Amino acid sequence: MNKNPRISVFPKGYLEELSDGRMTIFEWIEQAGTLGADGLELYPTFLKDTSEQYLLSIKKAAEKEHLIIPMMCSSPDFTHPDAAFRENEINKMKKMIDVMHFLGPGDFQSCRVLSGQRRPEVSIEEGIQWTVDAINELLPYAESKNVHLVMENHYKDGFWMYPEFAQKSEVFLQIIKQISSLYFGVNYDPSNAIFAGEDPIVLLEEVKNRLITAHASDRYLAEGYSLEDIQKYVNEGYSEALSHGVIGKGLNDYHQIFTILKSVDFDGWISIEDGVNGLHELKESVVFLRDMIDKYYALTN
């Protein structure tokens, strides 16, 4: 019997509240338990600390809601010109690897890796080399903790000034092709390809054999904005041109996406990035994704 992908949820709508303490991770876990998902994707700033006692309380709270914690949406910034800054980012990632080694279900746990910010003073060659070097330095540690590193085709971390250095697939693919490990692969996000001005299906075909996890997102261009408005945005946070919504109702063709996922027997975690307009939309997204999995994977089970 083939395994089906499993569904995780990421609280995009509560990112700031969970990061600044207005909402606790325990409040979020309780709400997540009502959504019908299988697991949770966390973000480093959701954690008050990384003590074993505190992490155990998070794990038990998730288990109470019949949820597991397989994914950490970490955002390392490896493209800073200062080598000491990059080394500190590596050390922060090791801490997140430790966290996921503790929180994860055991059969699979991952930490997202990125390249970093697209700083105007950093050349393409420098940024690629620094990113490859940092990930390669992390991989032996990740393997020793049984944690996969997954690189996302990313738009921009919500707390960054500049967009992702490897936002364009040409740069993204150059990086992942230089890294070879059973503990390294891709976290694919279709919406981010669109906002890079590219075809998400073309990118998925390129990376499908390196795929470990995925983000299910659907975003929209806000009224009166263009893709160029997103790509030129330089400020902390996301461009106002970006709108989030229910998965399956936006710009992505999830029928094509799932056709490709099934063609490579993808059975990893798919994490839903939604809920900006309310928890009801996140629940609707879970239902949509569950229906897609049932539709495309049912014939082989």
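On a 1 Å grid over the protein atoms alone, a cavity is a set of points where a 1.4 Å probe fits but cannot get out, and a lining residue has an atom within 4 Å of a point. Grid points are joined across faces, edges and corners, and a volume is the space filled by probe spheres set on the points. By this search the whole structure holds 3 cavities of 30 Å³ or more.

The model is predicted, so local features need pLDDT of at least 70 and side-chain atom pairs count only at pLDDT 80 or more, while totals for chains, interfaces and linings use all residues. Residues are numbered from 1 along each chain as its sequence is written, and side-chain values use heavy atoms, with hydrogens and water left out.

**Stop 1: a cavity.** Select Tyr 188, Pro 190, Ala 214, His 215, Ala 216, Tyr 254, Ile 257, Phe 258, Leu 261 and Ile 270, which line the second largest cavity. Strand 7 (211–216) and helix 10 (254–263) are the elements that give two or more residues to this lining; helices (H or I, at least four residues) and strands (E, at least two) are DSSP runs, numbered from the N terminus. Helix 10 gives the largest share, 4 residues. The volume is about 60 Å³. By class the lining has 9 nonpolar, 1 polar and no charged residues (Ala, Val, Leu, Ile, Met, Phe, Trp, Tyr, Cys and Pro count as nonpolar, Asp, Glu, Lys and Arg as charged, and the others, Gly among them, as polar).

**Stop 2: helices 2 and 3.** Show residues 25–32 (helix 2) and 52–64 (helix 3), whose axes come within 9 Å and cross at roughly 15°. Axes are lines fitted to C-alpha atoms, for helices over the stretch in contact, and angles run from 0 to 180 degrees between N-to-C directions. The two helices are therefore roughly parallel (angles under 35 degrees; over 145 is roughly antiparallel, 65 to 115 roughly perpendicular and the rest oblique). Ile 25, Phe 26 and Ile 29 of helix 2 meet Tyr 54, Ser 57, Ile 58, Ala 61 and Ala 62 of helix 3, contact meaning heavy atoms within 4.5 Å. These residues divide into 7 nonpolar, 1 polar and no charged.

**Stop 3: helices 5 and 6.** Move to residues 124–144 (helix 5) and 169–176 (helix 6), which pack at about 40° with axes 9 Å apart. Helix 5 and helix 6 are therefore oblique to each other. Ile 124, Ile 128, Thr 131 and Val 132 of helix 5 touch Val 171, Gln 174 and Ile 175 of helix 6. The contact has 5 nonpolar, 2 polar and no charged residues.

**Stop 4: helices 4 and 5.** Which residues make the contact? Helix 4 brings Arg 86, Glu 87, Ile 90, Met 93, Lys 94, Ile 97 and Asp 98, and helix 5 brings Trp 130, Ala 134, Glu 137, Leu 138, Tyr 141 and Ala 142. Here the classes are 8 nonpolar, no polar and 5 charged.

Technical notes:
On a 1 Å grid over the protein atoms alone, a cavity is a set of points where a 1.4 Å probe fits but cannot get out, and a pocket is an open set with protein on both sides within 12 Å along at least five of seven lines; lining residues have an atom within 4 Å of a point.
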